[in-house]
Amino acid sequence: MREFGYRRAHDVPGAVALLDGDTDARFLGGGTNLIDLMKTGVERPARLVDVRELPLNRIESTQDGGLRIGATVTNSDLAAHPEVRRRYPALAQAVLAGASGQLRNMATVGGNLLQRTRCGYFTDVNSPCNKRDPGSGCPALTGEHHNHAVLGASGHCVATHPPTWAWP
Ligand SMILES: Cc1cc2nc3c(=O)[nH]c(=O)nc-3n(C[C@H](O)[C@H](O)[C@H](O)COP(=O)(O)OP(=O)(O)OC[C@H]3O[C@@H](n4cnc5c(N)ncnc54)[C@H](O)[C@@H]3O)c2cc1C
Ligand code: SF4
């Protein structure tokens, strides 16, 4: 077990100040991706800054006809919101198609967008992977590449952006 620090932020400036540009620190949302990666050693942050209590849990209409979705809105609340269901049904359906009810209750919009790739080589610390260990190579180029990119990839990485709601 690696030791790490933990602080909870209560406002946005406080969260930014707690992170303090430290590349060994990470924001913590629902933890459904980050904590899993810490358990396997893919992520090894020295400090976590918990952002779940930031006042960013609202979904609001904007003047140009869009919706502004706060970073701490949970995936469950996003999928259930009447305006999301009415105006963006594909988004609501995509969120509901992802993970399980328990995970969607914990997962936040910010964390969902910033979750790391589910490429099996990335999550296996015994494999080379350019994204986890730059310069080590990309075994997915010639190996297991199910769900990886066909278009828009590079010779260094063929992983795709993972959130289901990025697919519609
Ligand atoms: C079994 C399982 C099945 C899953 N299936 C699906 C699926 O089908 N579709 C799908 O889309 N996802 C799926 N997921 C992924 C899941 O949706 C994500 O783990 C979740 O959305 C991440 O949100 P979180 O709040 O828990 O993020 P965390 O785990 O807390 O954080 C993830 C990353 O985002 C960063 N972060 C978090 N919040 C913020 C913020 N406010 N500002 C800046 N950075 C932030 C963290 O530093 C970290 O790098 C699955 C996960 C599991 C475990
Ligand atoms: S596609 Fe290659 S570089 Fe990208 S995450 Fe997977 S193994 Fe790593």
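**Pockets and a ligand**

Visitor: What volume does the second largest pocket have?
Guide: A pocket is an open set of points on a 1 Å grid over the protein atoms alone, where a 1.4 Å probe fits, with protein on both sides within 12 Å along at least five of seven lines. Its volume is the space filled by probe spheres set on points joined across faces, edges and corners. For the second largest pocket that comes to about 280 Å³.

Visitor: What kind of model is this?
Guide: Residues are numbered from 1 along each chain as written, chains are lettered from A and ligands numbered from 1 in written order, and side-chain values use heavy atoms, without hydrogens or water. Local features need pLDDT of at least 70, side-chain atom pairs count only at pLDDT 80 or more, and totals for chains, interfaces and linings use all residues, since this is a predicted model.

Visitor: Which residues lie nearest the centre of the second largest pocket?
Guide: Its lining (residues with an atom within 4 Å of a point) has 14 residues. By class they divide into 4 nonpolar, 8 polar and 2 charged. Nearest the centre are Arg-118, His-146, Asn-147, His-148 and Thr-160.

Visitor: How much space lies in the largest pocket?
Guide: This pocket is lined by 40 residues, with Asn-33, Gly-111, Asn-112, Leu-114 and Gln-115 nearest its centre. As for the space inside, think about 990 Å³.

Visitor: Which element gives the largest share of that pocket's lining?
Guide: At least two lining residues each come from β2, α2, α5 (89-96), α6 (101-106) and α7. With 4 residues, the largest share of the largest pocket's lining belongs to α7.

Visitor: Where is ligand 1?
Guide: There are 25 residues around ligand 1, and Phe-27, Gly-29, Thr-32, Thr-108 and Thr-164 come nearest. By class, this shell has 10 nonpolar, 12 polar and 3 charged residues. The space ligand 1 takes is the largest pocket.

Visitor: How much of ligand 1's accessible area does the protein cover?
Guide: Oxygen atoms of ligand 1 come up against the backbone: one is 2.7 Å from a polar atom of Gly-30, and a backbone N or O atom of Gly-31 lies 2.8 Å from an oxygen. For a polar backbone atom of Asn-33, the distance to a ligand oxygen is 2.9 Å. Of the 960 Å² that ligand 1 has on its own, the protein covers 80%.

Notes: A residue is near a molecule or strand if one of its heavy atoms lies within 4 Å of it. A polar contact is a pair of N or O atoms within 3.5 Å; within protein, one must be able to donate a hydrogen and the other to accept it, and residues adjacent in sequence count only if both atoms are side-chain atoms. Accessible areas come from the Shrake-Rupley method with a 1.4 Å probe; for residues, only the protein chains shown count as cover. A molecule sits in a cavity or pocket if more than half of its atoms lie within 2 Å of its grid points. Ala, Val, Leu, Ile, Met, Phe, Trp, Tyr, Cys and Pro count as nonpolar, Asp, Glu, Lys and Arg as charged, and the others, Gly among them, as polar.
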